[in-house]
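This report covers one chain and its contact with a partner chain. Please look over the sequence and the structure before reading on.

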Amino acid sequence: MPTRRGFYRFLSMLGGNTVAIAMAVPGVRFLLDPLTKKGQERNLLSLARLSQLQPGKPQAFSIIEEKQDAWVKYPKEPVGSVWLVRQPDGAKEKVLAFSAECPHLSCSVTLSNDRQGFQCPCHGAMFGLDGAKKNAVSPRGMDGLEVDLSDDPDPVISVRFARFQPQSAEKKSLA
Amino acid sequence: MLNNIIAWLDDRTALPTITRRFLDRPVPVNKRWGHALGFALLTTLIVDLITGLLLMTTYSPSSTMAWGSVYYITYQMDAGWFVRGLHRYASYGAVILGGLYLFRLVLVGAYRAPKEMHWWLASAVLLLILVAGVSGNVLPWDQRGYWAAIVETNMAGGTPIIGPMLKKVILGGSQAGSQTLTRFYGLHVALIPSLMLFCGWVFAMLFVFRRRADDETVLTEPYWPHQSCCDIALASLTVALICALTVATHGYSLDAPADPSSDDYPARPEWYFLPLNLLVHEMAGREYIATMVVPGVATTGLFLLPLVAKLLPRKLGSALAFLFISTLAIAALSLTGTAIYRDFESTSYRIAREKADTARDRAIQLARDGIPPEGDSYVLSRDPLHHGGKMFEKKCLGCHPFGGQVQGEPSAPDLKDFGTRTWIRGLLEKPTSDAYFGKVPILDGMKTWKESSKLSPAELDAIADFVATFATIDPEVSPADWYAAPTTKNHPGYTLFQKNCVDCHTMGDPSQAEKKTQPSPDLFGWGSPRWTSRMIKNPSRSTHYGHLEADQKMPAFADQLTENDISALVRYIRGDYTPPPPPAPVAPTSK
């Protein structure tokens, strides 16, 4: 037999919870907004001419592009950097390009002291000049990027910059 | 009178009664200093709350202005360094006291009934202190905070399944930026303090409405005034130590503004996360042990302890609890020690840290002149010394030495002071020197000239003086007008220049180059920002080195450098920048 008190109890619970859930929905959506934002599409960027590189001597090049950060639009400025490694003559790929972001935890990979490979200053990940990992710190080798060489006698090297998910053995693109 | 007011207040609110019950609550007489630990912890949190409110009156939570506002607090505001130092060091105090407090609770078995709530609250507060430390570290948006945020959020991003989404939500986007800072700010100044205040309120309620004594056999006395005196004594000592540390280090240091493009910043977390950071290093390939398993087990252990203790025989439970907390403590201490020792020993860390310190000192020096409205990062990115130097090292040093500094085998002139009288005088003296065209056999024009030239040092001086004025030619002035100007005609070096140099070099009309003895760069405006930036952008111009074969030319850098990069480079080469102060500025050390 439903009582008046029972009815009020039910009504209070119902009302309170309805309001709470109604308020939680926009709140959660607001907080999770970053998940709805897509990363930007990237074009090939010309970085250098082949003659500027010497085989086996990696050089870092900045990726210079406009950047939209929430409500701020930044003019062209360096947003990341890549390492270009020219391969010996006759190799299939003339130039290898690696993102300087460490696949371990995204610190910037720099040349090792002996210049015979790369290393990360944060947790000591080591890589060879071919980007292959040399110790177990990084879950995978350095992330290779798409390279395009023009048909000129001294080809222009263009690279499509991209970011990949750190801490994953598999190279997964970050949207 | 006062009694009447209190009576009235009590009638309306019961606050005086509650306060009295709180002050008169029975406390054991045998554990005075142990009890005082909790009050000292509370004191550090109150110091953090008050200094935090003070900092909020100036701090600007924007990724473009945060660094500047923290710079202003630290270096410009009266007592700013002290307030900010207190805030940071009080949080260190809270971490240490929080740890000690938990340790003591284990020793006295205060996780057992009826004190489970006590234990859970203390554990929750310690975790909140750690989260506050992590989020607060990011707020200055300096290199240290920025890179710590990157590494920490990437660790969170390694969580199975939800990791990548979690990281994006914490960062407020796929990259660290504006919303990263606002999110950490909200967490740091609103959410965490609210949760702590809630824990504090529950804590107070535990004391006020305690239903039973902890241990009937222990002799007790009212909290006020004996125990309160011990509490105040330890709290004062804590505050004194925090003040002493603040004064000794002259506040907490501020690193250079966040620079996402910096390529060798040695990111390190706050010292209390060094153990986990080292574990990340050691557990290579199995980071989840350091980022998930260890913190997970430690936290779960803390919260399950009262329940586990209930299930086990008393002695076994105590032993287990002690073992658990001591293992945590010993592991944390030894890992921290190892981490600090490793960095101390590591050459690459030292070099990277020195570079970061140089950038920091420079940023702080330049910030004195004000921070551009576009944001903090422009303090350094527009500085010829810092940014131009970095660009030179990346783009030029492979071929051009700089003041004798080389990288690899030089194949071009030394560019230190290029465009100034010093450089041109040196060239006229000995063009074949390695600093000039000694390493560039293809550019033998000056060498040929020098071999047949019989000019005296005084005459060379005059020419150098004259050529050095080219850099100051107004870009709006045409070559004809410039030639006609009396300042040109009457210059002591004018006649010598006309006699000796224009056989090869054109002056503003490169179409005349074919009539010259040997193709050479046009010297009109030589060394000026325009001339040099054209050289950097495209050396193949007819006014520069268009006459060389493709494989002999310097590469064009127009696509690889922004206007700002080039202007910084040009000014760096000429030495046209605010000189760094001779001794390092008085800045707090980084450790």
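How much area is buried between chain B and chain A, and what percentage of it do carbon and sulfur atoms give?

## Area and contacts

The model is predicted. In it, about 3800 Å² is buried between chain B and chain A. Carbon and sulfur atoms give 54% of that area. On the side of chain B, 49 residues take part in the contact, and chain A contributes 47 residues.

Between the two chains, chain B and chain A, the number of salt bridges is zero. Polar contact, by contrast, is present: eight residue pairs are found across the interface of chain B and chain A, with both residues at pLDDT 80 or more.

## The side of chain B

Several helices of chain B each supply at least two residues to the side that touches chain A: α7 (143-157), α8 (163-171), α9 (178-208), α11 (274-282) and α16 (384-396). The largest share is that of α7(B), with six residues.

Sorted by class, the side of chain B that touches chain A holds 22 polar, 16 nonpolar and eleven charged residues.

## Chain B as a whole

Chain B contains 24 helices and two strands. Its C-alpha trace spans about 110 × 60 × 40 Å along the principal axes. The radius of gyration of chain B is 34 Å, whereas a compact globule of 591 residues would have one near 25 Å.

Of the 591 residues in chain B, 49% count as buried. Taking the contacts in chain B between residues at least 6 apart in sequence, 69% join residues at least 24 apart.

Methods
Residues are numbered from 1 along each chain as its sequence is written. Chains are lettered from A and ligands numbered from 1 in the order in which they are written. This is a predicted model: local features need pLDDT of at least 70, side-chain atom pairs count only at pLDDT 80 or more; totals for chains, interfaces and linings use all residues. Side-chain values use heavy atoms; hydrogens and water are left out. Contact means heavy atoms within 4.5 Å. Buried area is the accessible area (1.4 Å probe) that two parts lose on being put together, summed over both. A salt bridge is a side-chain nitrogen of Lys or Arg within 4 Å of a carboxyl oxygen of Asp or Glu. A polar contact is a pair of N or O atoms within 3.5 Å; within protein, one must be able to donate a hydrogen and the other to accept it, and residues adjacent in sequence count only if both atoms are side-chain atoms. Helices (H or I, at least four residues) and strands (E, at least two) are DSSP runs, numbered from the N terminus. Ala, Val, Leu, Ile, Met, Phe, Trp, Tyr, Cys and Pro count as nonpolar, Asp, Glu, Lys and Arg as charged, and the others, Gly among them, as polar. The radius of gyration is taken over C-alpha atoms; the globule rule is 2.2 Å times the number of residues to the power 0.38. Buried means under 20% relative accessible area, exposed over 50%, partly exposed in between (1.4 Å probe, protein chains only).
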